[in-house]
Amino acid sequence: MASLTDMDARLFAAAEAIRQKAYAPYSNFAVGAAILADDGQIYAGCNIENAAYPQGNCAETSAIAAMIAGGARRIARIYVTGPGAMPVTPCGGCRQRIREFADPETVIISHGVEGDPLALSLGELLPHSFGPDFLTPRAS
Ligand SMILES: O=c1ccn([C@H]2C[C@H](O)[C@@H](CO)O2)c(=O)[nH]1
Ligand SMILES: [Zn+2]
């Protein structure tokens with residue numbers, strides 16, 4: 001398991017601040033995510049649910065959208081916070097979305113705020129993953 005850094009306190013604060021803005025009237029499960037991007041900026045997002053349930057966005061997806069809109073392209077670290085004591089780990093779809101902009105070594109911190117944070121690498125959360133490198137144009 002990866003260890004926590006001083007930056008993680010800032011990422012936790014950013015994730016918690018935006019979690020208060022989550023729109024989650026159906027699950028009542030408010031989630032915040034904060035990305036440290038390779039430009040040194042923090043980009044945050046919350047979950048946004050919808051009456052047509054499958055159309056909801058996860059917090060991680062919202063944070064990636066903020067990062068791209070802000071002009072950054074790589075995730076250096078990402079922190080996810082949610083209710084309860086169990087670490088709020090990204091769903092499968094978000095692991096793949098994170099994969100697009102991160103490396104297997106990139107650390108993802110999952111935190112149910114009544115419990116302890118859990119720091120894992122993307123490679124641990126999404127082993128043997130498919131990514132953009134598979135689609136690099138080749139000669140054959
Ligand atoms: O890592 C996670 C897990 C869940 N959710 C959201 C999706 C849905 O709105 C609610 C309940 O699953 O929490 C996230 O945003 N991120
Ligand atoms: Zn998700």
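Student: Which residues are buried in α2?
Tutor: This is a predicted model. In α2, the buried residues are Ala59, Glu60, Thr61, Ser62, Ala63, Ile64, Ala66 and Met67. That is 8 of the 11 residues in α2, so the helix counts as mostly covered.

Student: What do those buried residues of α2 pack against?
Tutor: They pack against β1, β2, β3 and α3.

Student: Ok, now β2. How many of its residues are buried?
Tutor: In β2, 5 of 5 residues are buried. Ile42, Ala44 and Cys46 point one way, while Tyr43 and Gly45 point the other way.

Student: Why the two directions?
Tutor: In a regular strand, side chains alternate between the two faces of the sheet.

Student: In what sense do β1 and β2 pair?
Tutor: The pairing is antiparallel, over 5 bridges. As one example, alanine 33 has glycine 45 in β2 as its bridge partner. The two strands form a hairpin with 4 residues between them. In that turn, glycine 40 has a positive phi of about 85°.

Student: Back to Ala44. What does alanine 44 touch, leaving out residues up to four places away in sequence?
Tutor: Alanine 44 touches Ala14, Ala15, Ile18, Gly32, Ala33, Ala34, Ala63 and Ala66. Ala44 is also among the residues with the most contacts inside the largest nonpolar core.

Student: New topic: ligand 1. Which residues come nearest to it?
Tutor: Of the 15 residues around ligand 1, Ser27, Val31, Asn47, Cys58 and Ala59 come nearest. Ala59 is one of the buried residues of α2 as well.

Student: Last one. What feature does UniProt place at residues 6–133?
Tutor: The unreviewed UniProt entry places "domain: CMP/dCMP-type deaminase" there. Over residues 6–133, the chain is 30% helix and 23% strand. The end C-alpha atoms of that stretch are 32 Å apart.

Terms used: Residues are numbered from 1 along each chain as its sequence is written. Chains are lettered from A and ligands numbered from 1 in the order in which they are written. This is a predicted model: local features need pLDDT of at least 70, side-chain atom pairs count only at pLDDT 80 or more; totals for chains, interfaces and linings use all residues. UniProt positions are given in the numbering used here, feature names are shortened, and annotations may be inferred rather than shown by experiment. A residue is near a molecule or strand if its C-beta atom, placed from the backbone, lies within 6 Å of it. A nonpolar core is a set of buried Ala, Val, Leu, Ile, Met, Phe, Trp, Tyr and Cys residues joined through C-beta atoms within 7 Å. A residue is buried if 20 or more other C-beta atoms lie within 10 Å of its own, exposed if 12 or fewer, and partly exposed in between; C-beta atoms are placed from the backbone. Two residues are in contact if their C-beta atoms, placed from the backbone, lie within 7 Å. Two strands pair if DSSP finds at least two bridges between them.
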